[in-house]
Amino acid sequence: MLTCEQVHRMMHQYLDGDLPEAEQVLLRRHLQTCTTCEAHLRQLEKTIALVRSIPQPRVSEDFTERLMQQLPQPKRKRNWQSRFKQHPILAAAAIFFLLMAGSTFGTWYERDPQFQVTTDNMANLELLEVDKENHIIRIPAGTKLNGNILVQNGTVEVEGEVAGDVVVIDGKMVLASTASITGNAEQIDQIFEWVWYHMKNTWKKVF
């Protein structure tokens, strides 16, 4: 029987396509009974998909030279310097990704813990049914909202139509049979999903 530590080491080979078929069978059997390892694998897959989706930035011809001048000279393992010079675009993308991820992690811990609802179309607020005592936002059947809805620390019950995104942070989304959402419907209750959501929105705004 594989331990979780062994499975974590096998995941990297599996995602690289280097894991033998016999070990893939053992890995899948473990994932069927271990939700922790299955969640870890899903997070690795999301991270790889996110990195692959990042467009290559355009940099000036002297970017590598200026970047290397600002970095401290390593005392050991000078092979990293040569790798930066060989792949300047990937180096720039990696630095940008780390800075963006670090900033987004900070917003997770600084987010407002209060129950609230926000929208990019203020007219939507008049159409919502708000139960502040029980922290419930209801979009009644037969109602159409134009724009995005963001609910924090509460429950959103969608019975009508939303022409936009519906995002719930640290809460729950309930969709009735009459519900219709033309955009994305996302429920964020983990830090990784928070980072993924904010980075997607950042890329949409930039590109």
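View 1. Look for Val-168 of β8, which stands opposite Val-151. This is a predicted model, where local features need pLDDT of at least 70 and side-chain atom pairs count only at pLDDT 80 or more, while totals for chains, interfaces and linings use all residues. Residues are numbered from 1 along each chain as its sequence is written, and side-chain values use heavy atoms, with hydrogens and water left out. β5 and β8 run parallel and share four bridges (strands pair if DSSP finds at least two bridges between them; strands are DSSP runs of E, at least two residues, and helices runs of H or I, at least four, numbered from the N terminus).

**View 2. Strand β5 is covered on both faces.** Ile-149 and Val-151 are buried on one side, and Leu-150 and Gln-152 are buried on the other (buried is under 20% relative accessible area, exposed over 50%, partly exposed in between, with a 1.4 Å probe and protein chains only). In a regular strand, side chains alternate between the two faces of the sheet. β5 also joins β1 (residues 116-119), antiparallel this time, through four bridges; Thr-119 has Ile-149 as its bridge partner.

View 3. Phe-63, Thr-64, Leu-67 and Met-68 are buried in α4 (residues 63-70). They span an arc of only 120° around the axis, so they end up on the same side of α4 (the arc is that of the directions from the helix axis to the C-beta atoms). Over on the other side, Glu-65, Gln-69 and Gln-70 are exposed.
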